[in-house]
Amino acid sequence: MARESGGPAAGAPGPGQRASLADVARLAGVSHMTVSRVVNGTGPVRADTRRRVLDAVRRLGYRPNPHARGLATGRSRVLGVVALDSVLYGPASTLFGIENAARDSGFGISVASVREPGRAGIGEAVDALCAQGVAGIVVIAPHAETGRALADVPADVPVVAVADTEQAPVPVVAVDQRDGGRQATEHLLALGHETVWHISGPDGWFETEAREQSWRAALEARGAAVPPVLRGDWSPRSGYEAGRKLLRYPGADAVFAANDQMALGLLRALSEAGRSVPGDVRVVGFDDVPEAAYFSPPLTTVRQDFLALGRKTFDQLLRLVEGATDVPGRSIVAAELVVRDSTGAR
């Protein structure tokens, strides 16, 4: 049966609830950005689309929230962050660094977590943050699918991605993964090893690709043999399983693990097999998790300065929000090799 004229609009909020910009967009059949352009007068909209939006505004009794106007005026003191729903040290620490930088500058953070890195989830997260009126958005994009989703972000939304890629359609900020992988590999070669084995991360991650490429390039630059890659998934278990496979190669005496958690699993596998570190095998990790100094033995690793990463990301986004047109396409934070006992003297 058709709804009677004068009844509640389809998709309207319940009794006592204030209509949101998203409610208007849903009723009018347009994006939240189109509604924002109409109610704030910030961009061109076709006449028939404008009429639909204004009709939805009237039917829902929508009243623009002054906070939501911050996206157009730059007066909002809230930034949005799209982050993978992950407990991995890298993404979690990146979010922590951004939160610290924003708080130090008097900005709040609104986080939209996504379970999968595909376009649909990222798009929904961006829409939700824009509906809140954030001044700009950081997308923590460690995965290639997340990077590709950035192409769908509206051009008038200030966005910076934390991603080690040169292909993103928005400015990116990253720790120098390639230089970190190079430092790890060259450190082991400098200790006299003929080659270095590598436990990599999973396919599809920018960090996996960058660290593996730099490991391979460092070996080739020295004329060293390139062993087969042992594939992990960032977890200690996968590092342990890779370590068990490594034991099949008696000459494998130097290993660069693509993160500290996999290095931890590797240390366990070597210990169970009676192989000493660094006596029989030297090991380097990546990240410098807080526990790395307390592994047995303490782990040589590549430190990522997530506080510096958060500060640089915040600074670049703030420049975009303020209308800067000279924000670099790629900004890099240095990686630092931290030498501990796992690569010590034999």
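How much space lies in the largest pocket? In this predicted model, the volume of the largest pocket comes to about 340 Å³. Its lining comprises 27 residues, and those closest to the centre of the pocket are Gly 90, Pro 91, Glu 207, Arg 211 and Gln 304. At least two lining residues come from each of α5 (89–104), β5 (172–175), α9 (206–221), α11 (260–272) and α12 (306–321). The greatest contribution is that of α5, which supplies four residues. Sorted by class, the lining of the largest pocket consists of 16 nonpolar, six polar and five charged residues.

The second largest pocket holds about 190 Å³ of space. Its lining is made up of 15 residues, and Pro 154, Ala 155, Val 157, Val 159 and Val 170 are the ones nearest its centre. In this lining, 13 residues are nonpolar, one is polar and one is charged.

Four strands form an open sheet with parallel pairing, in the order β7-β6-β8-β9. The edges of this sheet are β7 (230–231) and β9 (282–284), each of which pairs on one side only. Three bridges join β8 (residues 254–257) to β9 in the parallel sense. Within this part of the sheet, Phe 256 has Val 284 of β9 as its bridge partner. Helix α11 packs on the sheet and touches β6 (197–200), β8 and β9. The direction of α11 makes about 165 degrees with that of β9. Helix α11 is also one of the elements that supply at least two residues to the lining of the largest pocket.

Terms used. Residues numbered from 1 in each chain as written. Predicted model: local features only at pLDDT ≥ 70, side-chain atom pairs only at ≥ 80, totals over all residues. Heavy atoms only, no water. 1 Å grid on protein atoms, 1.4 Å probe; cavity = no way out; pocket = protein on both sides within 12 Å on 5 of 7 lines; lining within 4 Å. Points joined across faces, edges and corners; volume = space filled by probe spheres on them. Nonpolar A, V, L, I, M, F, W, Y, C, P; charged D, E, K, R; others polar. Pairing = 2+ DSSP bridges. Contact = heavy atoms within 4.5 Å. Axes fitted to C-alpha atoms, helices over the stretch in contact; angles between N-to-C directions.
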